[in-house]
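Please open the model in your viewer and keep the selection panel at hand. The tour below goes from one selection to the next and says what is found at each stop.

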Amino acid sequence: MGGVSGSQTEHIVGSSAPRKEGRDKVSGCARYIDDLSFPHMLYGATVRSQIPRGKIKKIDFGPGVAWNEFVIVSAKDIPGRNWVALIENDQPCLAADVVNHPEEAILLLAHPRRHALPKAVAAVEIEYEALPAVFTMDSSERQEQIIWGTDNVFKSYRIEKGDVDSVWAKADYIVEGEYSTGAQEQLYIETNGVIAAFDAEKGITVWGSLQCPYYVHKALVELCGLPEDKVRVVQTETGGAFGGKEDYPSMIAAHASLLAMKAGRPVKIIYDRAEDMAATTKRHPSRTRHRTALSKDGKILGGEIDLVIDGGAYMTLSPVVLSRATIHAGGPYYWPNVRVRAKAVATNTPPHGAFRGFGAPQALFAIERHMERLARAVGLSPAEIRRRNFLQPGQTTITEQVINEPIDLGKLLDRALGLADYEQKKRRFAKENPLGSEKKGMGIAAFLHGAGFTGSGERHLASVVGVEGSADGGVKVLVSSTEFGQGTNTVLCQIAAEALGLPYEDVTMARPDTGEVPNSGPTVASRTAMVVGKLVASAALGLKQTLVAAGLLKGNGTAAEFRAACRAYVAAHQRLRSLARYESPEGIYWDDQKYRGEAYAAFTWAIYVAEVTVNLTSYSTRVDDFVALQEVGRVMNPVLARGQILGGVAQGIGFALYEKVEWREGRMANSQMTNYTIPTSADLPAVRVFFEELGNRYGAFGAKGIGELPMDGPAPAVVNAVEDALGIPFDSVPLLPESIFEGVERAAAWRATTARTPAGVR
Ligand code: MOS
C-alpha cells in the first residue's frame, strides 16, 4: 500500500482489510487463557449447590482427600463486599447461608494439580434445608413463593402511546396471540476461564476470556475492597462470547481472585464444557401476549403487548435485557396507539444473561409471528400486511422516536422477495405440497435493531478512547473494547487509518488492559463500530492536530511525513496521545420514567426470507434457502460484515429449530454438546447476504451496529415458513420435530372433528 493520503487510503473503510489478529489465530500463535501459566500457579474449582433453593446447614469435608493440600475459600474470606457488582448488587459471589439456584457457587478449592480437583469437589458434603422453589414464569408471577424482593419482579416497564383503550370499539378485527421462546446457550468455542494473581503492592491482576474489562474491574474493586489502581484486568485472546462473556467473567474472576489472595499464588480457573453450560448465563426465556385492533384494510389501530422474561435467581442484566425487549416489541411497524407492559421475573435457575440480540430476538419473534395471525384475520398476504404497516420516515416508534432517516421498508421488502424468488416459489409449493410427504414453505421476517446503549445509556457511559503515536511512527488505538471474533480490532484500525490517511498496517491495537487503556465502555449492544469507532476517528484527528500545532506536520501530509512527525514529537515530549470522550448528539431526548423518546441513536433494518422443507416422516425441518437483506449503515469491512450475518443467521436457525435447554428442577439437564444440539454446517443452507447502505450521521464513517441484528430475524422467518408449508401455526421456539408431530396430529384430529360436524355449527 502506498500510504499517501488521498485516493488510495480513502478505501480502507469499506474494504475487506485482513483481520488484525487473523494470522496469529490461524497459525496457532494466538494465546488463549488456558495457554498461559505462571510459576507456582494453582488450579481452582468451584463447589456448587446441588439444590435449587434452600438454607445451607452444614459443610463437611469428606474422607479420601488430603484437605491440607488445598486452599479453601468460603464467603467468610471475602475482604470486601460479597456481591458481583453490576446493576443492583443482589448476586453473591459465594453463597453464605442460602442458595437460590442449582450450580450456585458455595466454596472454592485450589490445588497445584488440576486433576486433584474433581474428586475433592465431589467429596465436599453440604447439608441443606430445602425450601420450595419456583421454576416457571407463570408460577413466579402467581407469587406462590416469594423468592426475590417482595413480588418476584426484578424490573417492569410500561410504554403508553396514544389512547389504546379507545381503539377496541373502532376495530374491524381484534386479534390475540401468545408467543414464547426458550433459553439458549451461547456456546462460544472457548469456555470461560481466567487467571488471577495477587501481589501485596500491585494488588490483583486478572487475565481472562471476556468482553468487558471494566465490568470485571468494578466487580473486583468492590469484592476485594481494593482501590481502583490496585485492580488490573487484562483481556486475553477470546474464542467467542456472544454476550455470554458480558457479565459472567466478573464472577469467575472474583472466584480466582479470592483464591489467589488467600493462597498468595496465581490461580487459574477454566470451566469445562459441562460446567460452562450448566452454571453460566443463557438467553432469557420469554412469553409475549399480543392483542391488536385492526381496520378492515389491515392497518394496525392499536394494541396491547404483555411481555415477561425469566431472569433466573438474581437480577444481573435482566433490567437492560428487558428494556431492549420492551422497545423492540412493536417491530418495524407504526402503532398509533400502544401499551406495552413488560417485566422480568425471578425463578430458581442460574441467572439468565446477555446473548446476541439481548431481548430483541424474543420480542421480535412474537411480533413477527403475530403479523401472520393478523394477515390471516384480514385475508391479506404476509407481505401485504407488513407493507401496510411499515414505519415510514416522519412517523414515530412506540417510544415516540421520530424516524428521521430515509428508510423505505417497502422497497427493502420488494428487493428481498425478488432475491428469494418468493412469489414464484409460493405458487409452485402450493401446487406441489399436496403431492408428497415433504411440504415446502416460504417465510418472511421484517425487523429493526437499535444500535448502541438504550436511551441515556451512552451519555452515562461517557466512553473515552485514546490514540497514540509511537516512537517508531506507528499509531496505536487504546480502547477497552474487545475482540472476540467479531472484528473489533480490524474495524477500529481501519477507522483510525482512514481518519489519518495512513496505511492500515501502520495502525495497531493496544491490548485491552485496564492498566493501559481508557474505558471505552463494554463491548456489547452493537455499539463498538458506531460509537467507539466515532471516538477513535475523533481521537485520531486530535493526534494529527497536535502534530500540526507543534509545527511538525502540514495539514495533508503523506504517511511518511506523518511517521516522521510522530517520531519527532515523541522524541521531544516522550508521549503523543490524544483522547476523545463521548458527547451526546444534540437534540437527543429520553425519559426513563415514561419510557419515551429517542431510544437509540440509530436503527438497523432488515428483511429475511426463509425457504423450508418439513419432512412429514421425520417431522424435521430443513432450511433450504435463506436471504438476509439488511441496512446497517456503511459496511465497514464487507468480509467481516458478511461473517457477522452468516454467524447470526446460523445462531438464529439454532434458536428456531435445534437448541433446547432441558430444565430439571432449575438445572440444565443436557449440558453437553452431544445432547444440546446446535446446527452444524451440514444443517445450514448457503445463506445469501445482501446489504443496503443508507449511512448514519452519528456513527464513524456512517456505521451503525451489525453484531446483534442477524440474530433477530431467522426464528420468525423460519417458523413463518413452517406455517406456510403445513398450514399450522406454531408459536414457540425451539420448534423441534416432536412439536411439529404434535401440531400435525392435533390439526388432523381437528379436521376429523369438523368433518363430522354439521355445517353452521362451528
Ligand atoms: Mo451483548 S448480547 O449486548 O453482550
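Select Asp-731 and display its surroundings: leaving aside residues up to four places away in sequence, Asp-731 touches Glu-178, Tyr-179, Ser-180, Phe-365, Arg-369 and Arg-373, where contact means heavy atoms within 4.5 Å. This is a predicted model, in which local features need pLDDT of at least 70 and side-chain atom pairs count only at pLDDT 80 or more, while totals for chains, interfaces and linings use all residues. Residues are numbered from 1 along each chain as its sequence is written, and side-chain values use heavy atoms, with hydrogens and water left out.

Stay with Asp-731, which lies in the loop between α18 (714–726) and β28 (732–733); helices (H or I, at least four residues) and strands (E, at least two) are DSSP runs, numbered from the N terminus. Asp-731 counts as buried because its relative accessibility is 18%, the cut-offs being under 20% relative accessible area for buried, over 50% for exposed and partly exposed in between (1.4 Å probe, protein chains only). Now show the side chains of two arginines: that of Arg-373 makes a polar contact of 2.8 Å with the side chain of Asp-731, and that of Arg-369 makes one of 3.4 Å. A polar contact is a pair of N or O atoms within 3.5 Å; within protein, one must be able to donate a hydrogen and the other to accept it, and residues adjacent in sequence count only if both atoms are side-chain atoms.

Next, select helix α10, residues 409–420, whose 12 residues reach 16 Å from the first C-alpha to the last, close to the 16 Å expected at 1.5 Å a residue (1.5 Å times one less than the number of residues). Colour its buried residues, Leu-409, Gly-410, Leu-412, Leu-413, Ala-416, Leu-417 and Ala-420. Viewed down the helix axis, these buried residues fall within an arc of 160°, so they line one face of α10; the arc is that of the directions from the axis to the C-beta atoms. The face turned away from the buried side carries the exposed residues Lys-411 and Gly-418. Among the elements covering the buried residues are α9 (382–389), α11 (422–432) and β16 (438–451).

Then inspect both ends of α10. Asp-408 caps the N-terminal end, with a side-chain oxygen 3.2 Å from the backbone nitrogen of Gly-410, and just after the helix Asp-421 takes a positive phi of about 60°.

Finally, select the open sheet of three strands in the order β4-β2-β6, with antiparallel pairing.

Definitions and conventions:
Pairing = 2+ DSSP bridges.
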